[in-house]
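Subject: Structure handover

Hello,

Below is the structure you are taking over. My notes on it follow.

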Amino acid sequence: MARACAGRSDLADDPLSSRDFELEEFFDGHVVGHGQFQDRFGTVRRRFEVQIAGDWDGETLTLTEDFVYEDTSTERRVWTLTKTGPETWVGSAPGVIGPATGEERGNAFNWTYTIDLPVPDGTLRVSFDDWMWQLSEDRVLNRAYMDKYGVEIGEVIIWFEKQR
């Protein structure tokens, strides 16, 4: 998939490890994430913790994400992801417009979707170019670029840790 903006990752990039990221293995069980949203100027606008309960039944990965923001507000998002091939996924969640699609390659996973995000005065429709890299057996780094009308408006960075 070609990228419109320079400076973003690509699945064709050389992997930095021989690790094979299997989404269903990492997210099956309890995962904790710590992250933040930065606007396109680099200003941190929001920080959060997310508790993820994952359930892989052999065909479908269900992720229940419970966010707690630094201002104590909360949000729950439930993703349903279906493995469509050895390295490909399709998914949905409330607020997601159309299907979310993803592909694993080596230690990376790229996930793209459009979503209506809740904001204090309503919703904001944005597109995500979401990248995950498995750094170790129990850690994943996530960097998601957010675009509106094809213009980058910010990014989300999350550090996920698998709880054993």
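Which residues form one aromatic cluster? The cluster consists of W79, F109, W111, Y113 and F128.

Before the rest, the conventions. This is a predicted model, in which local features need pLDDT of at least 70, side-chain atom pairs count only at pLDDT 80 or more, and totals for chains, interfaces and linings use all residues. Residues are numbered from 1 along each chain as its sequence is written, and side-chain values use heavy atoms, with hydrogens and water left out.

Confidence

pLDDT is the predictor's confidence in each residue, from 0 to 100. The chain has a mean pLDDT of 92, with 91% of its residues at 70 or more. Over residues 1-5 the pLDDT is below 50, and this stretch has eight contacts in the model beyond near neighbours in sequence (contact means heavy atoms within 4.5 Å).

Fold

Strands here are DSSP runs of E with at least two residues, numbered from the N terminus, and two strands pair if DSSP finds at least two bridges between them. A barrel is closed by 10 strands in the order β1-β2-β3-β4-β5-β6-β7-β8-β9-β10, with antiparallel pairing. On average, neighbouring strands of this sheet are turned by 25° against each other, direction ignored (axes are lines fitted to C-alpha atoms, and angles run from 0 to 180 degrees between N-to-C directions).

Strand β3 and its neighbours

β2 and β3 run antiparallel and are joined by nine bridges. E49 has V68 in β3 as its bridge partner, and G54 has L63. Three residues lie between the strands in this hairpin, where G58 takes a positive phi near 100°. Seven of the 10 residues of β3 are buried, leaving the strand mostly covered (buried means under 20% relative accessible area, exposed over 50%, partly exposed in between, with a 1.4 Å probe and protein chains only).

Aromatic rings

The whole structure holds 13 aromatic pairs. Rings of Phe, Tyr and Trp (its six-membered ring) pair if their centres lie within 6.5 Å; planes under 30 degrees apart count as stacked, over 60 as edge-to-face and the rest as tilted. The F48 and F67 pair is edge-to-face because the ring planes stand at 65°, with the centres 5.6 Å apart. These two residues are 19 apart in the chain and link distant parts of it, F48 in strand β2 (residues 44-56) and F67 in strand β3 (residues 60-69). F48 and F67 are both buried. R46 lies over the face of Y69, 3.7 Å from the ring centre (a charge sits over a ring if NZ of Lys or CZ of Arg is within 6 Å of the ring centre and within 35 degrees of the ring normal).

Most residues other than glycine have a negative phi. T72 has a positive phi near 75° and sits in the loop between β3 and β4, a hairpin with four residues between its strands. T72 counts as exposed because its relative accessibility is 64%. Y149 has a positive phi near 55° and is placed in the loop between β9 (139-148) and β10 (151-163). Its relative accessibility is 76%, so Y149 counts as exposed.

Regards
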